[in-house]
Amino acid sequence: MGKVEEDPDYLKILGDKYLPWHGHVTALTVAPQYRQMGLAKQLTAQLDRACEQENAWFMDLFVRVSNKTAINMYKKMGYSVYRRVVSYYSDDPTGKGTSEDAFDMRKSLPRDKHKRYMRENGENHRISPEDLYHG
């Protein structure tokens with residue numbers, strides 16, 4: 001599931017925190033028996049095309065830091081880590097009672113010729129979940 005979205009115009013005063021027209025992968029799950037068949041890539045490519053048709057700047061998604069398989073898959077599709085969101089996931093699939101960080105990953109689209117909405121070494125840029133949303 002994905003969408004094309006942007007922050008409301010009145011938030012442009014936030015400068016770098018303002019999110020322009022972009023695509024967002026809201027959820028992507030492939031059943032284990034259907035993995036390694038390219039389905040995730042096909043689904044993401046469809047959202048890519050929709051975002052390009054809508055002249056979006058980039059695509060983004062959030063993924064658990066521990067999900068190395070997904071992170072590697074997204075990197076192969078052209079995504080890179082934009083920032084690390086500390087304690088983004090409050091549920092605990094391990095049963096240890098802890099939260100988990102997320103990587104906010106982005107992929108630049110043709111409109112962003114100068115990679116304005118990308119960042120080097122995003123793994124080292126840490127923010128809290130409260131700093132994500134502003135409107």
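Author: A strand here is a DSSP run of E with at least two residues, and the strands are numbered from the N terminus. By that rule, Asn121 falls in the loop between S5 and S6. Keep in mind that this is a predicted model.

Reader: What makes the phi of Asn121 worth a look?

Author: It sits near 55°, a positive value in a residue other than glycine. Lys115 also has a phi near 55°, again positive and again not in a glycine. Lys115 belongs to the loop that runs between strand S5 (100–108) and strand S6 (126–127).

Reader: Which residues is Ser108 in contact with, leaving aside its neighbours within four places in sequence?

Author: Contact takes heavy atoms within 4.5 Å, and by that test Ser108 touches Trp57, Phe58, Lys115 and Met118. So one of its partners is the Lys115 with the positive phi. There's also Met59: its C-alpha atom is 6.6 Å from that of Ser108, although the two are 49 residues apart along the chain.

Reader: How do you know how far S3 is enclosed by the rest of the structure?

Author: Count the buried residues: seven of the seven in S3 are buried, so S3 is largely enclosed by the rest of the structure. Both faces are covered, with Phe58, Asp60, Phe62 and Arg64 buried on one side and Met59, Leu61 and Val63 buried on the other.

Reader: What lies across S3?

Author: Helix H1 (residues 39–53) does, running at about 145° to S3 (58–64). H1 also lies across S1, S2 (22–25) and S5.

Reader: How do you know that S2 and S3 pair?

Author: Two strands pair if DSSP finds at least two bridges between them. S2 and S3 have three bridges and run parallel, so they pass that test. In S3, Asp60 stands opposite His24.

Reader: And in what sense do S4 and S5 pair?

Author: Antiparallel, over six bridges, with S4 covering residues 80–89. One example is Val85, whose bridge partner in S5 is Ala102.

Reader: Why are S1 and S6 called edge strands?

Author: The sheet is open, with six strands in the order S1-S2-S3-S5-S4-S6 and mixed pairing. S1 (2–5) and S6 are the edge strands, as each pairs on one side only.

Reader: Last topic, the largest pocket. What volume does it have, and which residues are closest to its centre?

Author: Its volume is about 800 Å³. There are 28 lining residues, and those closest to the centre are Leu28, Ala40, Ala70, Met73 and Tyr74.

Reader: Which element supplies the largest share of that lining?

Author: H2, with six residues. H1, S3, H2 (68–76) and S4 each give at least two residues to the lining.

Reader: And what is the make-up of the lining by class?

Author: It has 17 nonpolar, seven polar and four charged residues.

Key:
Residues are numbered from 1 along each chain as its sequence is written. This is a predicted model: local features need pLDDT of at least 70, side-chain atom pairs count only at pLDDT 80 or more; totals for chains, interfaces and linings use all residues. Side-chain values use heavy atoms; hydrogens and water are left out. Helices (H or I, at least four residues) and strands (E, at least two) are DSSP runs, numbered from the N terminus. Axes are lines fitted to C-alpha atoms, for helices over the stretch in contact, and angles run from 0 to 180 degrees between N-to-C directions. On a 1 Å grid over the protein atoms alone, a cavity is a set of points where a 1.4 Å probe fits but cannot get out, and a pocket is an open set with protein on both sides within 12 Å along at least five of seven lines; lining residues have an atom within 4 Å of a point. Grid points are joined across faces, edges and corners, and a volume is the space filled by probe spheres set on the points. Ala, Val, Leu, Ile, Met, Phe, Trp, Tyr, Cys and Pro count as nonpolar, Asp, Glu, Lys and Arg as charged, and the others, Gly among them, as polar. Buried means under 20% relative accessible area, exposed over 50%, partly exposed in between (1.4 Å probe, protein chains only).
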